[in-house]
Amino acid sequence: MSPKLKEADGRELKTENQEMTGSSMLIQALAREKVDVIFGYPGGAILPTYDEIYRTGIRHILARHEQGAIHAAEGYARVSGKPGVCVVTSGPGATNVVTGIADAMIDSLPMVVITGQVATSVIGTDAFQEADVVGVTMPITKHNFQVRDVEELPRIIKEAFHIATTGRPGPVLIDLPKDVSTASGFFNYDQDVDLPGYQPTVTPNKHQIKKLVEAVTKAEKPVILAGAGVLHSGAAKELLDYVEQQQIPVSSTLLGLGAFPGNHKLSLGMAGMHGTYTSNMALHETDLLISIGARFDDRVTGNLKHFAPGAKVAHIDIDPAEIGKNIETSIPVVGDAKEALRMLFEAKGTPCECTQWKEQLNEWKQEYPLWYKEEDNSLKPQRLIEMIYEETKGEAVVTTDVGQHQMWAAQYYKFDKPNCWVTSGGLGTMGFGFPSAIGAQFAEPDKQVVAVLGDAGFQMTAQEMSILQELNLPVKIILVNNASLGMVRQWQQLFYEERYSNSLFPVQPDFVKMAEAYNIKGWKVEDPNEMQGALKEALNYEGPVLMDCRVHKDENVYPMIAPGKGHHEMEGIKP
Amino acid sequence: MKRTIIATVNNTSGVMNRITGLFARRHFNIESITVGMTENPAVSRMTFVVNVDDQRGLDQVIKQLNKQVDVLKVRDITDDAIVARELALIKVVAAPQHRGEISALAEPFRASIVDVGRESVTLQVTGDQQKVEALIDLLKPYGIKELARTGITAFKRGTKKSVFESPKYSIIN
Ligand SMILES: Cc1ncc(C[n+]2csc(CCOP(=O)(O)OP(=O)(O)O)c2C)c(N)n1
Ligand SMILES: [Mg+2]
C-alpha cells in the first residue's frame with residue numbers, strides 16, 4: 001500500500017499507524033520532515049525506494065554521479081539551513097558519496113544520507129555490491145545507523161533528522177538493507193526523540209557570559225573571529241547588533257564570510273593563510289580574542305606557537321569538544337551562538353572605545369589593502385571576481401571549487417549577507433563547486449547563483465551539466481581558467497623551486513563546446529576589455545551559462561602565511 | 001599521566017567499534033579497555049585506562065567520548081574512591097621441584113592455580129593493577145610462557161566519600 005503524497009509539506013498525510021513497506025515509510029517520513037528535494041542516484045539495493053519515489057512523485061534530482069548528488073545536497077543545506085537529503089544505492093553508490101560525507105562532516109552541514117544495502121540475510125558474505133558503509137562512514141558522520149528491522153525505521157529516520165539538524169549540525173547516514181525496505185510494518189512518526197546520550201547545550205552558562213562581558217570592558221585590543229557557527233545558528237543579525245553595540249572589530253574565517261557584512265567599517269576581512277593583513281595582524285596583536293562558531297583550523301591560525309600570543313581567548317561554540325582543542329581558552333562559552341550573542345547584547349556592557357586600537361587597524365587597512373597588479377593585456381583573476389561582484393551587486397549566491405580562484409573569490413567578493421557563500425573549507429574538496437551550485441539554486445530558486453570554478457576542479461564533476469540541461473537551471477558557471485592546477489602550481493613555484501610536477505595542463509577541452517554539448521550557452525573570453533560586457537550578458541541570460549574566462553596564468557594568491565609561519569609573518573603584503 | 005575513565009554506553013552493535021575508532025583516529029593513547037553488560041541489559045559499561053600528556057589532553061578524551069551519540073555518561077574516576085580490578089592468567093614454567101615454591105608465592109596474592117601441565121602451571125590472579133604486576137614480577141624468574149590480562153574494570157565505591165574532589169571537566173553549566 002502506498003498512500004499518495006499531495007505535497008511534500010506534511011499536510012496531506014494521514015498515514016499514522018498504517019501498515020506499509022519500509023520504503024514507503026521512508027518517503028512518508030521525508031515528507032513529514034518537509035523535505036522538498038532529494039538528490040540521488042538509483043541502483044539495485046535501493047530500487048524499492050526508487051519505486052516509491054516514482055509512485056509518490058516526491059521531487060528527486062537525478063545526478064550523473066553520486067558525488068554530484070551529495071555535493072548538491074551540501075550546497076542546498078549550506079544555503080537553506082535545512083538538511084540536504086541524498087539517496088544512493090549500496091556498494092559503489094555509497095562509496096561514491098564518501099567524499100561528500102567527509103566534506104559535510106568537517107564543515108558541519110546538516111545532511112541525511114540514505115544508502116541502500118544488500119539484504120540482511122547476506123550482509124557479511126561479500127554479496128554483490130556489498131560494502132561496509134556503516135564502518136566506512138563511522139568516523140566521517142555525526143552518527144550512522146543500519147536498519148535491521150522495519151519497525152525501527154520511523155524512529156531511526158526521526159532520530160537521524162534530529163541529530164543532523166541540532167547542536168553542531170552534521171551528516172547522518174542511514175544504511176537501509178533491501179529486505180527491510182520491502183518488509184511491512186506500522187508507521188508511527190509521532191514518538192518523541194529519546195536520545196539520552198545526545199543532549200546539545202543550547203543556552204550558555206550565565207557566569208561565563210558575565211566573565212566575557214567583563215573582559216570586553218577591560219580589553220584594549222579586542223577582536224571577534226566570526227566563523228560558520230554564526231551562520232548555522234542564524235545569528236548574523238544578533239552578531240551585527242552586538243558588534244554595533246560594543247564596537248568590536250570583526251575578522252572572519254573563510255566559512256564565516258557573510259556572517260558579518262564585509263563592507264561594514266568594523267569588518268577586517270578574512271583571517272588566515274590568504275586573509276587580509278589587517279585581520280591577521282589584529283589576531284596577532286589582540287588582547288581579547290572572541291571566537292564565535294569558529295574552530296581554530298590550522299588554515300586560520302597558522303603556526304599555533306605564534307598564534308595570538310598576548311590574547312585572552314573567549315570561545316563560543318555549541319560543540320564543547322572544540323573548546324580548548326587547539327587553543328587554550330580562558331572563557332569557554334558552550335552554547336548556541338544566537339543565544340550567546342543575545343545574552344551578550346542584553347548585558348549591555350560598556351562599549352569598547354579602544355581608539356588607539358581602531359586607529360592602528362585603520363592604518364593597516366590603508367597601508368596594506370588587498371592588492372594585485374593590472375599588467376599587460378591579460379585578465380587578472382582578481383579583477384574578474386570584482387567584476388562579478390559589481391555585476392551581481394553583491395547579491396548572488398557564490399559557490400566555488402578549491403584552489404586559487406576560491407581564495408580570490410573569498411578575498412574580492414565582499415559578502416554582505418549571510419548564506420550566500422558556498423565553499424568547501426575544511427576538506428578542500430575539488431569537484432564541490434559546481435554541483436553545490438545546483439543545490440544552492442534549489443535552495444534559492446529566485447536568486448542568481450554563480451559557480452566560480454577552476455578549470456581543473458570543474459572537470460571533476462562537469463557531468464552534472466546534464467542537470468542544468470534537463471531542468472534549464474540558470475546556474476552561471478564561471479571558469480577562472482589559468483590552464484593549470486593553479487594552487488598546486490603556486491606552491492611548486494614558491495616551495496619546490498619551480499618544479500611544476502603535474503600541475504600544468506598541456507591540453508584542455510574546449511569548454512564552450514562541452515557546454516554546448518549539454519545545450520548550455522558557452523562564452524569564451526580572452527580579451528580583458530570584453531570581460532565586463534560579456535559577463536553582463538551572461539548574467540542576464542535566462543538559462544544556464546558557462547563562461548570560459550582565460551585569466552593571467554602565473555598569478556599567485558597573496559598575501560600569504562607560508563606553512564609553519566605565524567600571522568605576523570605574512571608575505572606578499574605589498575605590490 | 002594515567003587516568004581511569006568509565007563510560008556507560010548503549011549496548012548496540014558497533015559501539016565498541018565507534019569508541020576504538022575514535023581513540024585510534026584522534027591518537028589517544030589507551031592502555032586498556034574493558035566492556036561488559038550492566039544491571040540494565042540495554043546499557044554496557046566501559047572502563048578505559050588512558051595515558052594523556054596533560055589536563056587538556058584528558059579533556060579532549062572525555063569530550064570526544066561524550067560527543068558520541070551512543071555514549072550516555074563519561075567520568076574520570078581516577079581520584080575517586082573506587083574499586084578497580086583486573087584479572088590475569090599467567091602460565092609459568094614450573095618443573096615439579098618448583099611447584100611448591102610457586103604456590104607459596106601465589107598464596108599471599110590469593111592467586112589460584114587453575115591449570116597444571118607437565119612443564120607449566122597457570123595461575124589466576126585478581127586485583128588492582130599494582131597487585132597483578134607485583135605477582136607477575138615475582139613469577140618472572142621462573143619464566144612466563146604466556147600472559148593474558150583483562151585490563152581494569154572499575155566503579156565507584158558505594159559508601160566512602162570521594163578522596164578528592166574530582167576535577168571539573170564540564171564547562172556546561
Ligand atoms: C579532490 C582533490 N584533489 C586534489 C586536491 C589538491 N588541490 C588543491 S587546489 C588544486 C588545484 C585546483 O586547480 P583548479 O581547479 O584549476 O583551480 P585553481 O587553483 O587553478 O584556481 C589541487 C589539485 C584537492 N584539493 N582536492
Ligand atoms: Mg586552474
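**Note on the predicted model: salt bridges, interface and metal site**

1. B:D70 and B:R18 are both buried. Here buried means under 20% relative accessible area, exposed means over 50%, and partly exposed lies in between (1.4 Å probe, protein chains only). The two residues form a salt bridge, with the closest N and O atoms 3.4 Å apart. B:D70 sits in the loop between α2 (55-67) and β4 (71-76) of chain B, and B:R18 in helix α1 (residues 15-25) of chain B, so the pair ties together parts that are 52 residues apart in sequence. A salt bridge is a side-chain nitrogen of Lys or Arg within 4 Å of a carboxyl oxygen of Asp or Glu. Helices (H or I, at least four residues) and strands (E, at least two) are DSSP runs, numbered from the N terminus.

2. Ground rules. This is a predicted model, in which local features need pLDDT of at least 70 and side-chain atom pairs count only at pLDDT 80 or more, while totals for chains, interfaces and linings use all residues. Residues are numbered from 1 along each chain as its sequence is written, chains are lettered from A and ligands numbered from 1 in the order in which they are written, and side-chain values use heavy atoms, with hydrogens and water left out.

3. The interface of chain A and chain B. On the chain A side, 27 residues are in contact with 19 residues of chain B. Contact means heavy atoms within 4.5 Å. The two chains bury about 1900 Å² between them, and 53% of that is on carbon and sulfur atoms. In chain A, the residues that lose the most area to chain B are A:M138, A:H143 and A:G197, together 26% of what that side buries. Buried area is the accessible area (1.4 Å probe) that two parts lose on being put together, summed over both.

4. Two salt bridges are counted between chain A and chain B. B:R56 makes a salt bridge with A:E328, at 3.2 Å between the closest N and O atoms. On the side of chain A that touches chain B, β6 (143-146) and β14 (331-334) are the elements that give two or more residues. By class, that side has 13 nonpolar, eight polar and six charged residues. For the classes, Ala, Val, Leu, Ile, Met, Phe, Trp, Tyr, Cys and Pro count as nonpolar, Asp, Glu, Lys and Arg as charged, and the others, Gly among them, as polar.

5. Salt bridges overall. One network of salt bridges links A:R168, A:D319, A:E322, A:K325 and B:K67.

6. A bridge inside one helix. A:R155 and A:E159 meet in a salt bridge through their side chains (3.2 Å, N to O). Both lie in helix α7 (residues 153-165) of chain A, four residues apart, about one turn of the helix. A:R155 is partly exposed at 34% relative accessibility. A:E159 is buried at 7%.

7. A bridge between two helices. A:E391 pairs with A:K536 in a salt bridge, the closest N and O atoms being 3.4 Å apart. A:E391 is in helix α16 (residues 381-391) and A:K536 in helix α23 (residues 528-540), both of chain A, so the pair ties together parts that are 145 residues apart in sequence. A:E391 is buried, with a relative accessible area of 17%. A:K536 is partly exposed at 43%.

8. The magnesium ion (ligand 2). Its protein donors are A:D455 (OD), A:N482 (OD1) and A:S484 (O), at 2.0 to 2.2 Å. Along the chain they follow the spacing D-x26-N-x1-S. A:D455 lies in helix α19 (residues 455-458) and A:S484 in the loop between β18 (476-481) and α21 (486-495) of chain A, so distant parts of the chain are linked, 29 residues apart. A:D455 and A:S484 are both buried. Donors are N, O and S atoms within 2.8 Å of the metal (3.2 Å for Na, K and Ca); water is not among the atoms, so sites may look incomplete.

9. Two single residues. A:T278 lies in helix α12 (residues 277-285) of chain A and is buried at 2% relative accessible area. Leaving aside neighbours within four places in sequence, A:T278 is in contact with A:L268, A:L361, A:W364 and A:K365. A:Y558 is in the segment after β20 (545-550) of chain A and is partly exposed at 21%. Beyond four places in sequence, the contacts of A:Y558 include A:L370, A:W371 and A:E571.
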